[in-house]
Amino acid sequence: MQNIAFPGACRSLETDTGMKKFYITTAIDYANGKPHLGHAYEKVLTDVIARSRRMLGHEVHFLTGLDEHGQKVQQTARKRGIEPIELCDEAARDFQGLCRDLEISNDDFIRTTEDRHKAVVRGILQKLHDEGQIYKAEYTGYYSERIEQFLRERDQVDGAWPAEYGEVVEITESNYFFRLGQYQDWLVRYLEENPDFIFPRFRQKQVLEFLKEPLNDLCISRPAERLSWGIPLPFDENYVTYVWFDALVNYISAVGYGEERFADYWPADFHVIGKDILVPPHSVYWPIMLKAAGVPLPKSLLVHGWWLKSGQKMAKSTGNVVDPLDLIGQFGPDAFRYFVTREMNVGQDSDFSLELFLSRYNSDLANDLGNLVSRVLNMIGRYCEGIVPPAGAVADEPERDLRALWEETRERSAELYAEMQFHVALDKTFAFIRSINRYAEIRAPWKLAKSDDPDDRARLRSTLAHMAEAVRLSVALLKPVMPGTAGRVYRLLGLTEVSEWETDLAWSSRLDGVRASAPEILFPRPKTETGEK
Ligand code: MSP
């Protein structure tokens, strides 16, 4: 893992030198379905990292996109009586709409049906074929249409194919194979020598476990008569490219593989993916494809867990999906972004429930943060004619405690961000937010406002200045997760946003004399317990 640092800590940024951008990707989603909570989560997680890196001064390139080829797209399009590309165009609108609605800051959106992608896939296939790393052979095996893969006999359970494979048929056909197996020892060595290649580390062990079995060569073609919706092999147009060989290449085709600019992006810093697509696609096929093509490996794979619903993976096939757009429509993008980041320990699974969502929304967002912001703005309006007063000389124990807690929160958050412990970082930030509320209780500015004593007036001004600055700092720290809310609070406080954390997270007197606005309700209460307004 690379180090990141906030002000005050040692700044060590591997990617800070030269032209190399911090390049981060999500998986590209299947065009065959609607976006669900799992897709939305992955984009938010990646966006939180991308935004935090930008705020640390990195030049970030954030890629997401759509995986458009394959059997399922072809079948669904056929059933609906439309062309596969029409189905993909619809999906592209849905998934791009999801990115927009969630305020995802991706710099690019790749579709695997684009020429820029197809040309790179064909170029790599041709190169590997010319070098003898791809060969043709006859193969008989059990094929699952649902997962578009040949199965091994040992995938059977008690002599039968598990239901997840759908219909399994025995077929014999000629196909093209990529010499995956010859790289097995190299890959094992690579993983052993690079224990941080996969985060969290326990996932790397799963890959090594998988690699204890002999690795077969990979069938990278499908006969065009069975599957026409794919990229034709450049050396034999009777076949199209196997979807994974096609899809994985998006990570390099999108950033100009083969062009000079490629070096500004590659190697990617993180591929963010779910645990279901680690073994074998991202941890075995992809590293070996790159090695064979003479391209360096990505720096790391960040593997998140699943969102479950009542203990089951949320998936189109089980029909238990949560439509993120419903939640975003009702509660706004930041509430959604906050919830998924707060509830998911990256790497583990997490169960979704509306009750939990509402409880986080009401207690953390509406109560702790929303009420605090209104309270501060109200008091600045009522007692200081809307102008944030300077803190002055008052700095007794409550002020010192508040500032000390801020320093601790900021430093700890830097470590937690570097460790991908975003849920704990949010927990700490909200602990700080609650401590601002406690500070207000101790100082009781509403009582100080009733006094004519000049010391009380000075204390009142200092209290409001401390509260306002502490609120500003909290939302600055929340910015990667809740960019809209941070921007809104900054505007209410009469400030323009600062793009770098280096300056933004330092306790300052930037608010002195600034005209603040009247409060607005940041997180309106849902009308009923089910969340309906
Ligand atoms: N198209 C492939 C990925 C190709 S990447 C070169 C694919 N698509 S997917 O639509 O099924 O999944 C896209 C991403 O969403 C994957 O990283 C997957 O793990 C993630 N999720 C899908 N369902 C999920 C949950 N229920 N929970 C969290 N994320 C999961 O796989």
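1. Some ground rules. Residues are numbered from 1 along each chain as its sequence is written, and side-chain values use heavy atoms, leaving out hydrogens and water. Because the model is predicted, local features need pLDDT of at least 70 and side-chain atom pairs count only at pLDDT 80 or more, while totals for chains, interfaces and linings use all residues.

2. Start with helix α1 (residues 37–55) and helix α11 (residues 333–343), whose axes come within 10 Å and cross at roughly 90 degrees. Helices here are DSSP runs of H or I with at least four residues, and strands are runs of E with at least two, numbered from the N terminus. Axes are lines fitted to C-alpha atoms, for helices over the stretch in contact, with angles from 0 to 180 degrees between N-to-C directions.

3. Next, look at the strands, which form an open sheet in the order β9-β11-β10 with antiparallel pairing. Two strands pair if DSSP finds at least two bridges between them. β9 (221–223) and β10 (232–233) are the edge strands, each with a single partner, so one side of each has no neighbour in the sheet. Three bridges link β9 to β11 (residues 236–241), and S221 sits opposite T241 in β11.

4. Finally, visit the ligand. A polar contact is a pair of N or O atoms within 3.5 Å. A polar side-chain atom of D276 is 2.5 Å from a ligand oxygen atom, and a polar backbone atom of G274 is 2.9 Å from a ligand oxygen atom. For H39, an N or O atom of the side chain lies 3.0 Å from an oxygen atom of the ligand.

Key
Polar contact = N/O pair within 3.5 Å; in protein donor to acceptor, adjacent residues only side chain to side chain.
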